Amino acid sequence: AEKTEFFVINDFEQQRIQIAMLAPDATQGDHIYLAKLCDQAERYEEMVEIMTQVGRRWPAALLDSETTNLLAIAFQNAVGSLRTSYRVLCSIYDKEKSKEVEAKEKWQREAGCASDTVVEAVLHPSLKRSHLVSERIHVVALEIQHLCESLLDVLDNVTIPKLMDTPNQYAGLHLVRMKGNYHRYLSEVVELPTAAEHKQKATDCYEYANQLMKEHLHPCDPLLLGNALSQSVFMYEILQQPEEAKKLAKGAFDTALEHLDEVGEETYKECTLIMQLLRDNLTLWEEDKKDPKHYQ
């Protein structure tokens, strides 16, 4: 019994730990330490809260590349898992909706001309579950929206203006790219006209980051290549600009390939990994071109 009590933490204890973790008198060092701890334990929701506090209370801390990376890791993992859930649910919704439509059409053919209301009333409950999936999609979309807006609030109001005026511009460039990513994620889950606004903001951020990175970074820099990867996927999937996306991805790949022998071993590994992703996308997009339905 004593061993069981040691491992079981009740709700009150969990709340106490969380309050202590984000206590107002906790130092910057405490927050950074706990963020690293959450990263190791893969507790990314807590890591998001911690790094949000760091960004709001100690904006200068984000001048440090390690701290910037912690911010990126926290939100990318938290939002990434939700985006995966969102895509899975959307796929299931399409299948359920298709089943409903087929069942309705079949019943109307067999019963003659019947109104949608009548058909809806007689269909088996197992053929009317798309609304349940739709509700889950809405919940996940709200969770994504909350996380993205939390990060953008930090970047818009605190980080970017300060960082871009400092000598350590690399962290600032990283955060400009992040800003583009999270406007992109929002554009995937919100409705018009808000989605159009986020698409434009994402475009502006990616282009601004691309311009600055080309001025200040080596063509093989992982940050520059990562921005090209993110922007090209955004152009292909969200803006539906396949030719522009391929041109951007191919340009970044070819330029990096020309300068690949100029970088060290560590950069080489990370660089070639992103280059492989760029090439994979280019191959996939060329295959998609053969099937017009991908552009509908």
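## Helices and their packing in a predicted chain

Residues are numbered from 1 along each chain as its sequence is written, and side-chain values use heavy atoms, with hydrogens and water left out.

The secondary structure comes to 12 helices and 0 strands, where helices (H or I, at least four residues) and strands (E, at least two) are DSSP runs numbered from the N terminus. Of the 296 residues in the chain, 41% are buried, a word that stands for under 20% relative accessible area, with exposed meaning over 50% and partly exposed lying in between (1.4 Å probe, protein chains only). The chain exposes about 17400 Å², and carbon and sulfur atoms supply 52% of it; such areas come from the Shrake-Rupley method with a 1.4 Å probe, and for residues only the protein chains shown count as cover.

Two packed helices are described by the angle between their axes and the distance between the axes. The axes are lines fitted to C-alpha atoms, for helices over the stretch in contact, and the angles run from 0 to 180 degrees between N-to-C directions.

| Helix pair | Angle between axes | Distance between axes |
|---|---|---|
| α3 (residues 28-41) and α4 (residues 44-57) | roughly 155° | within 9 Å |
| α9 (residues 194-216) and α10 | roughly 150° | within 10 Å |
| α10 (residues 222-238) and α11 (residues 242-258) | about 165° | 7 Å |

How are α3 and α4 oriented to each other? They are roughly antiparallel, because angles over 145 degrees count as such, whereas those under 35 count as roughly parallel, 65 to 115 as roughly perpendicular and the rest as oblique. Their crossing is left-handed, which says that the near helix is turned anticlockwise from the far one by less than a right angle, clockwise being right-handed. The contact is made by residues including His31, Leu34 and Cys38 of α3 and Tyr44, Met47 and Ile50 of α4. The residues of this contact divide into 9 nonpolar, 2 polar and 3 charged, where Ala, Val, Leu, Ile, Met, Phe, Trp, Tyr, Cys and Pro count as nonpolar, Asp, Glu, Lys and Arg as charged, and the others, Gly among them, as polar.

Helix α10 takes part in two of the pairs in the table. With α9, the angle of roughly 150° makes the two helices roughly antiparallel, and α9 passes α10 in a left-handed crossing. Among the residues that meet are Tyr206 and Met213 in α9 and Leu223 and Phe234 in α10, and the residues of the contact divide into 8 nonpolar, 5 polar and 3 charged. Helices α10 and α11 are also roughly antiparallel to each other, and α10 passes α11 in a left-handed crossing. Here Leu225 and Met235 are among the residues in α10 that meet α11, where Leu248 and Ala252 are among the partners; this contact has 10 nonpolar, 2 polar and 1 charged.

Two residues of helix α5 complete the picture. Arg83 is found in α5 and is buried, with a relative accessible area of 12%. Leaving aside neighbours within four places in sequence, Arg83 is in contact with Ile144, Arg184, Tyr185 and Glu188. Cys90 lies in α5 (residues 65-111) and is partly exposed, with a relative accessible area of 23%. The C-alpha atoms of Cys90 and Arg136 are separated by 9.5 Å, although the two are 46 residues apart along the chain.

Note on methods
This is a predicted model: local features need pLDDT of at least 70, side-chain atom pairs count only at pLDDT 80 or more; totals for chains, interfaces and linings use all residues. Contact means heavy atoms within 4.5 Å.
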